Amino acid sequence: MSNRGVEMLRSLGRNNHRTTLENVLAIAEDTLFDWMFGTETARHVEQHELDIRNDVGFNMYTPTRVRAFRKLLDHLALPKGQVFVDFGCGKGRVLLAAAQYPFDRIVGVEVAPQLCAICRSNVAAYRRRHSGTLDIKVVQCEARAYNVSRDETVFFMFSPFGRAIAAGVLGNILSSVEECPRKVWLIVNNPREIGPSFDANPNLDSHSEFTYGSSLFWIWTTRSGSRS
Ligand SMILES: C[S@@+](CC[C@H](N)C(=O)[O-])C[C@H]1O[C@@H](n2cnc3c(N)ncnc32)[C@H](O)[C@@H]1O
């Protein structure tokens, strides 16, 4: 039986019917997504398969469920004209899903060169088949080294690294907000590790929560749009 089949059976055993149904739909939509856009975003990648150092905080590459992410964006109904950044974008599934929403620009930040290469080729494949927000940039760097631009407003992370690196990234975002006050959304998929430290930050409002199937997102906004 395929990995997906095993995953579905496990889900049936663990969850209530609604969660199970959502998980099954989410797994089906992930498969459809790659098929429709000629991309490869599904295969998980472990650190030992990549040419990167241990101290960058790498967790394995695992993609966000595209259906859960779309439901989240539908639920948030962000004002038009935001700029979306995925810290630890991996193969770029979230970037491509975000491209179907009215973001002005989309940026993926990824430390692993091999994943950046796959991500760029996925973006190229997507561009050949689909219209939408086509201003998608992939930046190869460690997340803390990324220079947050003044127009960037929606920041996404899916378990890319631990608390120490997340604190550095959050510090950069908040410094940028201090220099150029604006409303900012921070979204963390699977927030168990870094979520509590964001909760403790006095510059962020307390989080709201969104779940779809087994995916859990926490969302913060900056307190009154400024650090002070
Ligand atoms: C769980 S995957 C999430 C992929 C994508 N954001 C998604 O939701 O589909 C985490 C990604 O973060 C990247 N990553 C880990 N540590 C990083 C760091 N310090 N700087 C930038 N990227 C990092 C990994 O290479 C991996 O691709």
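User: How many salt bridges does the structure hold?
Analyst: This predicted model holds 11 salt bridges.

User: What makes E22 and R18 a salt bridge?
Analyst: Their side chains meet at 3.0 Å, N to O. The cut-off is within 4 Å, so the pair counts. Both residues lie in helix α2, four residues apart, about one turn of the helix.

User: Why is E22 called buried?
Analyst: Its relative accessibility is 11%. Buried means under 20%, so E22 is buried.

User: And R18, buried or exposed?
Analyst: R18 has a relative accessible area of 63%. Exposed means over 50%, so R18 is exposed.

User: How do you know that E29 and R67 form a salt bridge?
Analyst: The N to O distance is 2.8 Å. The limit is within 4 Å, so this pair passes. The pair links distant parts of the chain: E29 sits in helix α2 and R67 in helix α3, 38 residues apart.

User: What does the salt bridge between D151 and R105 tie together?
Analyst: Their side chains meet at 2.8 Å, N to O. D151 lies in the loop between β3 and β4, and R105 in strand β2, so the pair ties together parts that are 46 residues apart in sequence.

User: Why is D151 called partly exposed?
Analyst: D151 has 37% relative accessibility. That falls between 20% and 50%, so the label is partly exposed. R105, at 18%, is under 20% and therefore buried.

User: Why does W35 count as exposed?
Analyst: W35 reaches 67% relative accessibility. The cut-off is over 50%, so W35 is exposed. With L32 and M36, W35 forms a nonpolar patch on the surface.

Key: Residues numbered from 1 in each chain as written. Predicted model: local features only at pLDDT ≥ 70, side-chain atom pairs only at ≥ 80, totals over all residues. Heavy atoms only, no water. Patch = residues over 30% accessible without salt bridge, like charges linked within 9 Å, V, L, I, M, F, W, Y side chains within 5 Å. Areas by Shrake-Rupley, 256 points an atom, 1.4 Å probe, with all protein chains shown as cover. Buried < 20%, exposed > 50% of the residue type's maximum accessible area, 1.4 Å probe, protein only. Helix = DSSP H or I, 4+ residues; strand = E, 2+ residues; numbered from the N terminus.
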